Amino acid sequence: MGLNRGMKTVLTTLLAICVCLVIGCGEKTMDFESLKALAEKEDAKAQTNLGLMYDNGQGVGQDFKEAAKWYQKAADQGDADAQYNLGLMYDNGEGVKQNKKEAVNWYRKAAVQGLAGAQWWLGTMYRDGEGVVQDRVMTIILLCYQGQIRVNPCRRNSSWRSRTCSHTS
């Protein structure tokens with residue numbers, strides 16, 4: 001059982017706000033036209049930020065297809081934030097046809113680069129068997145790494161109990 005679409009949208013919006021705060025901190029905020037000019041010159045960060053503007057309707061009308069287009073350009077250049085956002089778009093079917101396997105592909109690319117949100121969503125995809133074969137080990141690895149679940153593999157009466165466990169709790 002995964003989070004519903006509304007919760008994913010809220011989390012995506014919060015991530016976008018955090019990214020915008022970090023990127024804009026101490027610097028003059030770039031206007032839409034300047035950012036678009038940089039994005040058209042293949043600047044991956046500008047492409048990601050332009051995607052965020054379209055995704056969230058900041059300074060432009062909200063347009064998921066246009067957001068996906070700019071995320072795709074930046075993701076193809078290896079930008080982890082764009083890969084993560086593109087994964088969310090495929091996961092939710094926003095601006096692109098919903099495709100869980102493609103979502104997993106982009107989450108994985110961003111997760112390998114250490115992006116926490118991508119690691120978490122990838123873990124939930126493994127947990128729920130969405131776009132991948134359900135895999136409890138990968139779920140635990142990804143979600144424990146993010147501190148989202150606490151697992152004591154030595155617990156009594158647990159299917160995760162270790163045969164070599166010396167704990168009695």
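Contact here means heavy atoms within 4.5 Å. With that in hand, welcome to a short tour of this predicted model.

Figure 1. The protein chain holds eight helices and zero strands. Read along the sequence, its pattern is α-α-α-α-α-α-α-α. Of the 169 residues of the chain, 38% count as buried. The accessible surface comes to about 9700 Å², and carbon and sulfur atoms account for 54% of that surface.

**Figure 2. Helix H2 has buried residues on one side.** Helix H2 spans residues 32-40, and its buried residues are Phe 32, Leu 35 and Ala 39. These residues cover an arc of only 70° around the axis, which puts them on the same side of H2. A simple bit of helix geometry is handy here: an α-helix has 3.6 residues a turn, so residues three or four places apart point the same way. What covers the buried residues of H2? The cover includes helix H3 (44-56) and helix H4 (64-76).

Figure 3. Glu 42 lies in the loop between H2 and H3. Its phi is positive, about 70°, although Glu 42 is not a glycine. Is this residue buried or partly exposed? Glu 42 has a relative accessible area of 45%, so it is partly exposed.

**Figure 4. Phe 32 and Tyr 54 form an edge-to-face pair**. A pair of aromatic rings is described by the distance of the centres and the angle of the planes. For Phe 32 and Tyr 54 these values are 5.8 Å centre to centre and 85° between the planes. Phe 32 lies in helix H2 and Tyr 54 in helix H3, so the pair ties together parts that are 22 residues apart in sequence. Both Phe 32 and Tyr 54 are buried.

**Figure 5. Tyr 84 and Tyr 107 form a tilted pair**. Their ring centres are 6.2 Å apart, with 40° between the planes. Which parts of the chain does the pair tie together? Tyr 84 belongs to helix H5 (residues 80-92) and Tyr 107 to helix H6 (residues 100-112), so the pair ties together parts that are 23 residues apart in sequence. Tyr 84 is buried, with a relative accessible area of 5%. Tyr 107 is buried too, and its relative accessible area is 0%. Not counting residues up to four places away in sequence, Tyr 107 touches Tyr 84, Gly 87, Leu 88, Asp 91, Ala 118, Trp 121, Leu 122 and Met 125.

**Figure 6. Two lysines sit over tryptophan rings**. The charged end of Lys 73 is placed over the ring of Trp 70, 5.6 Å from the ring centre. For Lys 109, the charged end sits over the ring of Trp 106, 4.6 Å from its centre.

Figure 7. In soluble globular proteins, nonpolar side chains tend to be buried together. The largest nonpolar core of this model has 39 residues, and those that touch the most other members are Leu 50, Tyr 54, Tyr 84, Leu 86, Tyr 107 and Leu 122. At least two residues of this core come from each of H2, H3, H4, H5, H6, helix H7 (116-128) and helix H8 (136-145). Which helix gives the most to this core? That is H5, with seven residues.

**Figure 8. Leu 122 is a buried residue of helix H7**. Leu 122 lies in helix H7, and at 4% relative accessibility Leu 122 counts as buried. Leaving aside neighbours within four places in sequence, Leu 122 is in contact with Val 104, Tyr 107, Arg 108, Ala 111 and Leu 142. From Leu 122 to Met 138 the separation is 16 residues in sequence and 9.0 Å in space, C-alpha to C-alpha.

**Figure 9. Asp 81 is a buried residue of helix H5**. Asp 81 is found in helix H5. Its relative accessibility is 18%, and buried means under 20%, so Asp 81 counts as buried. Which residues does Asp 81 touch, not counting residues up to four places away in sequence? They are Lys 45, Thr 48 and Leu 115.

How values were computed:
Residues are numbered from 1 along each chain as its sequence is written. This is a predicted model: local features need pLDDT of at least 70, side-chain atom pairs count only at pLDDT 80 or more; totals for chains, interfaces and linings use all residues. Side-chain values use heavy atoms; hydrogens and water are left out. Buried means under 20% relative accessible area, exposed over 50%, partly exposed in between (1.4 Å probe, protein chains only). Helices (H or I, at least four residues) and strands (E, at least two) are DSSP runs, numbered from the N terminus. The arc is that of the directions from the helix axis to the C-beta atoms. Rings of Phe, Tyr and Trp (its six-membered ring) pair if their centres lie within 6.5 Å; planes under 30 degrees apart count as stacked, over 60 as edge-to-face and the rest as tilted. A charge sits over a ring if NZ of Lys or CZ of Arg is within 6 Å of the ring centre and within 35 degrees of the ring normal. A nonpolar core is a set of buried Ala, Val, Leu, Ile, Met, Phe, Trp, Tyr and Cys residues joined through side-chain atoms within 4.5 Å. Accessible areas come from the Shrake-Rupley method with a 1.4 Å probe; for residues, only the protein chains shown count as cover.
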